[in-house]
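Trainee: Could we go through this one together? I'd like to understand where the labels come from.

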Amino acid sequence: MENGNKRLAVLVGCNYRNTPHELNGCINDVLAMRDVLVKRFGFDHSHIELLTDAPGSLVMPTGANIKKALDQMLKKAEPGDVLFFQYSGHGTRIPSAKPGHPFRQDEAIVPCDFNLITDVDFRQLVNCLPKGASFTILSDSCHSGGLIDKEKEQIGPSSVTNYGTLQQSCSPKTIPFESILQHLTSQTSINTSDIGTHLLELFGADASHKFHLHPHELDFSESLKTDEGILLSGCQANENSADMNPMMTGGKAYGAFSNAVQMVLKDHLGSLSNKEVVLLARKSLEAGGFAQHPCLYCSDENADAPFLWQPQGSDL
């Protein structure tokens, strides 16, 4: 792939302030990444859309607003462009509606209004990518492994060795399915455990595409081809990602995975492959005693491709 003409990014940080699910470092994560995108990877400030739930934010990171920002980014994309989406916030797992998987769970992120964005939504975005463009997703959230439905695993559970325990100074970036269901039920007053029913009732056309499709339509045949989707996940699908508490660490709040990526980039100024970024982030988290294992999902070719196609000369 040639270096893109345009570099476009959507950065989302959700701290869920004044809720039972409050986090501390998610907005800091995306602000730090914005600086790195501009200074190192050649992004223009005007091509970076930032969505946070900070007090006074004009556009909140609701499910509809996040998907609108991603759709607009994809519509601007042309062959050779480099697209990037970072999400720092809560993730969750929901029962799969796919036929033949009665006990399987699917991955989703949790926007500030609980209008879940699912693995099916990210798969559809990747499928809309123009040929020759790339779309990198960095998700610092619990259960983020496999967030692009059917993307090939390059570094995942099969390459894990167990280490570490969850540090006392951090919070897991997850909201359990039961808590999400309880929250949605309190708003719809519908007595059902089918989360799709609640989301469709509350959000209508803005609900995840997963809940608009018949279960048999969820197996996209077109998604089995090689594509340019690249997912760097903060952990495996069955794991939690950590949010560091500033009161405990005595410093700035941050997501453990986002911070590990920042440290890797700081220590290695030259171009790194997607695989190298994930493996080095794993080492950094292991050294810090974190019990999470970042993963990489993409084609074989993109595993060895430079992270965000770092421009030549930007390592000076």
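This is a predicted model: local features need pLDDT of at least 70, side-chain atom pairs count only at pLDDT 80 or more; totals for chains, interfaces and linings use all residues.

Trainee: What makes Asn-28 and Ala-253 a pair worth a look?

Mentor: They are 225 residues apart in sequence, yet their C-alpha atoms are 7.0 Å apart in space. Setting aside neighbours within four places in sequence, Asn-28 is in contact with Lys-252 and Ala-253.

Trainee: How do you know that Glu-107 is buried or exposed?

Mentor: The relative accessibility of Glu-107 is 7%; buried means under 20%, so Glu-107 counts as buried. Glu-107 belongs to strand E5, residues 105-109. Beyond residues up to four places away in sequence, Glu-107 touches several others, among them Thr-92, Arg-93, Asp-119, His-143 and Ala-237.

Trainee: His-143 is on that list. What class does His-143 get for accessibility?

Mentor: His-143 comes out at 12% relative accessibility, and with the buried cut-off at under 20%, His-143 therefore counts as buried. His-143 lies in the loop between strand E7 (134-140) and strand E8 (153-155). Its phi is near 60°, a positive value in a residue other than glycine.

Trainee: And what about Asn-18, buried or exposed?

Mentor: Asn-18 has a relative accessible area of 66%, and exposed means over 50%, so Asn-18 is exposed. Phi of Asn-18 is also near 60°, again positive in a residue other than glycine. Asn-18 is in the loop between strand E1 (7-13) and H1.

Trainee: On to the aromatics. How many aromatic pairs are there in the whole structure?

Mentor: A search of the whole structure turns up three. In one of them, Phe-41 and Phe-307, the ring centres are 5.6 Å apart and the planes stand at 90°. Pairing needs centres within 6.5 Å, and edge-to-face needs planes over 60 degrees apart, so this pair is edge-to-face.

Trainee: Which parts of the chain does the pair link?

Mentor: Distant ones: Phe-41 is in the loop between H1 and strand E2 (48-52), while Phe-307 is in the segment after helix H9 (300-303), 266 residues away. Phe-41 and Phe-307 are both buried. Ring pairs also tie Phe-41, Phe-84 and Phe-307 into a cluster.

Trainee: Back to H1. Why are H1 and H7 called roughly parallel?

Mentor: The axes of H1 and helix H7 (residues 256-267) come within 10 Å and cross at roughly 25°. Angles under 35 degrees count as roughly parallel, so H1 and H7 are roughly parallel to each other. H1 passes H7 in a left-handed crossing.

Trainee: Which residues make that contact?

Mentor: Asp-29, Ala-32, Met-33 and Val-36 come from H1, and Ser-258, Val-261, Gln-262 and Leu-265 from H7. By class, the contact has five nonpolar, two polar and one charged residues.

Trainee: And what does the whole protein look like by secondary structure and burial?

Mentor: The protein has nine helices and 13 strands. Buried residues make up 53% of its 316 residues.

Conventions
Residues are numbered from 1 along each chain as its sequence is written. Side-chain values use heavy atoms; hydrogens and water are left out. Contact means heavy atoms within 4.5 Å. Helices (H or I, at least four residues) and strands (E, at least two) are DSSP runs, numbered from the N terminus. Buried means under 20% relative accessible area, exposed over 50%, partly exposed in between (1.4 Å probe, protein chains only). Rings of Phe, Tyr and Trp (its six-membered ring) pair if their centres lie within 6.5 Å; planes under 30 degrees apart count as stacked, over 60 as edge-to-face and the rest as tilted. Axes are lines fitted to C-alpha atoms, for helices over the stretch in contact, and angles run from 0 to 180 degrees between N-to-C directions. Angles under 35 degrees count as roughly parallel, over 145 as roughly antiparallel, 65 to 115 as roughly perpendicular and the rest as oblique. A crossing is left-handed if the near helix is turned anticlockwise from the far one by less than a right angle, and right-handed if clockwise. Ala, Val, Leu, Ile, Met, Phe, Trp, Tyr, Cys and Pro count as nonpolar, Asp, Glu, Lys and Arg as charged, and the others, Gly among them, as polar.
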